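Please look over the model below before reading my points.

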Amino acid sequence: MRTKSLTSTWTSIGYVLYTSWTNSRRSIMYYSTVTLLSAIQPFLLILFPKFIIDELTGQQRPQQFIFLISLMFLLLTIISYFTGYLQNLGLTQLMKVLFTQIHAHTAQNMNVDFKNTEDAIYLNQMEQAKRSLKSVQNGFQGLFHTFFACLAGFLAFAGYITVIGGLSFGVIVFLIVSIGCSYVFSLRAKRYEYEHEEQLSELERKRKYYSDIMQDFTFGKEIRINSFNNTLVSLYHSSVQNRQKIQSSISSFYFQSEIIDILIRLFREGIVYGYLAYLYLHQRITIGDFVMYTTAVAGFSGVLQGFMKDLAHLRTQNLYIEELRNFLEIPQDKQGEGAMLALPTGPYSIEFKEVSFTYPGNSQPVFNKISFIIPPHQRLAIVGHNGAGKTTLIKLLCRLYEPDSGEITLNGINIKQYAKTDYWRLFSTIFQEIRVLAFSLAENISLKEHRESDALRIHDSLEKAGLSEKVASLKSGILTPMQKFLDDQGVEFSGGENQRMMLARALYKNGELIILDEPTAAVDAIAEFNLYTRFNEMIGERTALYISHRLSSTRFCDQILYMEQGEISEAGSHSELMERRGKYNQMYQIQAQYYKGSEA
Ligand SMILES: Nc1ncnc2c1ncn2[C@@H]1O[C@H](COP(=O)(O)OP(=O)(O)OP(=O)(O)O)[C@@H](O)[C@H]1O
């Protein structure tokens, strides 16, 4: 974590300006010009009235009077027109820059190490970084606008000092001190707001989660039957209420600082106007000077106060930018370690050598020096109770997590020595969660755009997965959109059909190593048995790894590992394990009772 100092405020300003400059130089050029114009504008309203009034109370030359009025309005019109025009152009360019950051944020989510996606700290960081990009007042846009506002304030400040300096240096000091007091109170409110941002973000995350569940009708049955709706509504309301409580305490801080500000302002302007009136009454200044100085003092206070507030805002924006940068700097997924080796050609053997692994943040290891071999062409089943570590084993094999110690080898070489993208090409996987995308059926199978997909292979995979008839019944065949998120013509498949679609996806990929991590939880034991057997026939000579709770589904496998609490307690073929009369046998017998009479 970087320090939250003024130095890092400069770093954040540097980051925002540099990013803007590299992505759109025009964004900086337009905003700089607008800044200059808006710094000049107030001085026209200070100086011209003085000259006009002096003319009226002095020589009273009509031509000079008309000239001054016309020039003032002409300049004001030109400046306002260009300010508005360039502001619009600048905003369009700023949006262009912002989208590069939003893109970087999204890309980061796609490219970070998988383990982050299951890590609450990362998820929180992601939300915080999103906050920097979502709001107009805060974060990237906030800092950009506030920086230029500060710059305009600074230029105007210098101009006012020059004008008021002609009157008295003491007035300037008095104005600066009184405005400084207001600044301290506004800073206090801003700090208070920032200190509670994290809490607000967490509450917002909860609120959003509850709201998503309430709108996700896949939870509909469970929620109604278990009368969970009232609980959800009350959780939703309490997160909203807690958020409101914090927000109202933030508002009350701001309210306090506004009140104090008004009181200080009344005191300040009373003193200064009294002094100016005194000077005028003693004929030490003209009526034109009086108007010029009162306008300048009001303007000076406004500019300095605005400048201080902007400065305070700029400093808090720094904290948002820190969060954005910290998030974007999370290292992306590494391809591997050292020089990457080319993948060997098959057949493939895999070995787990004394692999130990603990999930980040957990105290209990899932595996402690687990070892086993999957020889080429073997069908290996991993069975066991819930939480035994079966899916974790697959995550390690697929390099979604790295072992803490020990190694996993492919044909004798540590898998870290292969580039991940090459290594992943080897796998055709079907996981427990079935994820259908709101793209066409073809794109769901190939996971590529239409123009990059092979239609023949898609049809072939669908046929092998037993979905040809279904596809034939669809008006647009494999081009039929799935789900209705992006297309109201989209279709919904049944649970079993979705499973077959996943099967077709795995077949289309045609990986050398096949993994089925119990994608059949929703179907009955016979359907699962048939699916595993069919899949087994389809994959030919390839090495395969099957996970299931139903021992009948994987009994055809060459080797079965029976896992308990992260350890392999029994290993062998189905008949060997049955003969051993151990835990596998016991579990098989218990499960068989349920299938009797229904199995062929
Ligand atoms: N992302 C995670 N973070 C922390 N702990 C996890 C995570 N995923 C799983 N675990 C824990 O690791 C252990 C093994 O989980 P795993 O999912 O591998 O078991 P499993 O045998 O596949 O279970 P199941 O049959 O229920 O799918 C469990 O104690 C689980 O709570």
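**Notes on helix packing and the ligand shell**

1. Start with helix 3 and helix 4. Leu98, Gln101, Ile102, His105 and Asn109 in helix 3 meet Met126, Ala129, Lys130 and Leu133 in helix 4. Two residues are in contact if their C-beta atoms, placed from the backbone, lie within 7 Å. By class, this contact of helix 3 with helix 4 has five nonpolar, three polar and one charged residues. Ala, Val, Leu, Ile, Met, Phe, Trp, Tyr, Cys and Pro count as nonpolar; Asp, Glu, Lys and Arg are charged; the others, Gly among them, are polar.

2. A word on the basis. This is a predicted model: local features need pLDDT of at least 70, side-chain atom pairs count only at pLDDT 80 or more, and totals for chains, interfaces and linings use all residues. Residues are numbered from 1 along each chain as its sequence is written. Helices (H or I, at least four residues) are DSSP runs, numbered from the N terminus.

3. How do helix 3 and helix 4 lie to each other? The axes of helix 3 (residues 62-111) and helix 4 come within 10 Å and cross at roughly 170°. Axes are lines fitted to C-alpha atoms, for helices over the stretch in contact, and angles run from 0 to 180 degrees between N-to-C directions. The two helices are therefore roughly antiparallel (angles over 145 degrees).

4. Helix 4 (residues 120-134) also packs with helix 10 (residues 287-328), at about 125° and with axes 8 Å apart. This pair is therefore oblique, the class left after under 35 (roughly parallel), over 145 and 65 to 115 degrees (roughly perpendicular). By class, the contact has seven nonpolar, four polar and two charged residues.

5. Helix 3 packs with helix 5 (residues 139-165) too, at about 145° with axes 10 Å apart. Leu94, Leu98 and Gln101 of helix 3 make the contact with Phe140, Gln141 and Phe144 of helix 5. The classes are four nonpolar, two polar and no charged residues.

6. Next, the annotation. The unreviewed UniProt entry marks residues 28-53, 65-86, 140-161, 167-185 and 290-308 as "transmembrane region". Such annotations may be inferred rather than shown by experiment. Residues 28-53 are 100% helix, with end C-alpha atoms 39 Å apart. Residues 167-185 are 89% helix, with ends 29 Å apart.

7. Which residues are around the ligand? They include Glu118, Tyr359, Asn386, Lys390 and Thr391, where near means a C-beta atom, placed from the backbone, within 6 Å. The shell divides into three nonpolar, six polar and two charged residues.
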